[in-house]
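Here is a friendly note for anyone opening this structure for the first time. Please keep the view open beside the numbered points.

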Amino acid sequence: MKKKGTAKTIAIILLIAVCTVLLYYIIPLIKLIYTEEGRILLDEKIRSFGIFAPLIFIGIEILQIVLAFIPGAPVDIIGGVLFGKLWGSILCFVGIFTGTLIVFYLVRIFGKPLVKKIFPKADFENHRFLKNEKQLSVIIFILFMIPGTPKDFLTYIAALTDISPAKFMLITAVARTPAMICSVVMGDSFFEGNFRTGIFLFVLIALFSIAGYFVKTKFLDKH
């Protein structure tokens, strides 16, 4: 019991630390994109890193997937701000795909003990529906498509099932792409000074996330 309490405390401290670091870098970023001069300066700064800029960003995206408890949308939005619609989407996709692949095979190698170490309070009983082989692919697709679901946590859970790696990667790639592109386009809109589009997409994603929460709850209750 004491070990669980310690693990929870460490997880909370780590989450606060990560959020603090993100805010430390995001707030100045918001200030920069608010003016045209700031956007030009930011663009020059990114270009100065050369090939290392996209590599660092992909690394951050992979880290977000592996840690799972860090929200993915802010990373995708930053990708749109820093690299634009096209390259932002490509880099996000590469990072998400690579991170998901790493998590999937780590779980396949080390099994449930790894998942229990990362998520001490993981309730596997509430995810029994993932054992339904006939509906497994459809269920995973629906859950990954719904905004607001803990997709990275579900990757750890799904890797414990009998689904093939190729099928799982294909399903998640297709299901996660629409929301990811929407976040990237939002970030690009803010960078381009098109705040109306950016705010519209932000509100749209928020509404879908709220609706997705209720749909997810009913879906899990049903299954």
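**Notes on the model**

1. Gln64 sits in helix α3, residues 52-67. Setting aside neighbours within four places in sequence, Gln64 is in contact with Ile70, Pro71, Gly72, Val75 and Asp152; contact means heavy atoms within 4.5 Å.

2. A word on where the values come from. This is a predicted model, in which local features need pLDDT of at least 70 and side-chain atom pairs count only at pLDDT 80 or more, while totals for chains, interfaces and linings use all residues. Residues are numbered from 1 along each chain as its sequence is written, and side-chain values use heavy atoms, with hydrogens and water left out.

3. Now the overall picture. The protein has nine helices and zero strands, so named because helices (H or I, at least four residues) and strands (E, at least two) are DSSP runs, numbered from the N terminus. Of the 223 residues, 39% are buried. Among contacts with a separation of 6 or more, 75% are between residues 24 or more positions apart. The accessible surface comes to about 13,400 Å², and 72% of that belongs to carbon and sulfur atoms; these areas come from the Shrake-Rupley method with a 1.4 Å probe, and for residues only the protein chains shown count as cover.

4. Helix α3 also holds Phe57, which counts as buried at 4% relative accessibility. Not counting residues up to four places away in sequence, Phe57 touches Val75, Ile78, Gly79, Phe83, Leu91 and Cys92. For Leu91, 34 residues from Phe57 along the chain, the C-alpha atoms of the two are separated by 7.6 Å.

5. How many salt bridges does the structure hold? There are two, where a salt bridge is a side-chain nitrogen of Lys or Arg within 4 Å of a carboxyl oxygen of Asp or Glu. In one, the side chains of Lys85 and Asp188 meet at 3.0 Å, N to O. Lys85 lies in helix α4 and Asp188 in helix α8 (residues 165-191), so this pair ties together parts that are 103 residues apart in sequence. Lys85 is partly exposed at 47%, whereas Asp188 is buried at 6%.

6. Asp152, a contact of Gln64, forms a salt bridge with Arg176, with the closest N and O atoms 3.1 Å apart. This pair links distant parts of the chain, Asp152 being in helix α7 (residues 151-158) and Arg176 in helix α8, 24 residues apart. Asp152 is buried at 6% relative accessible area, and Arg176 counts as buried at 13%.

7. Please look at helix α6 (residues 136-145) too, where the buried residues are Leu136, Ile139, Ile140, Leu143 and Phe144. They cover an arc of only 125° around the axis, so they lie on the same side of α6; the arc is that of the directions from the helix axis to the C-beta atoms.

8. Lastly, the outside. Phe93, Phe97, Leu101, Ile102, Tyr105, Leu106, Ile109 and Phe110 form a nonpolar surface patch with about 700 Å² of accessible area together. Patches are made of residues with over 30% relative accessible area and no salt bridge, like charges being joined within 9 Å and nonpolar side chains (Val, Leu, Ile, Met, Phe, Trp, Tyr) within 5 Å. Ile109, in helix α4 (residues 73-110), is exposed at 61%.

Conventions
Buried < 20%, exposed > 50% of the residue type's maximum accessible area, 1.4 Å probe, protein only.
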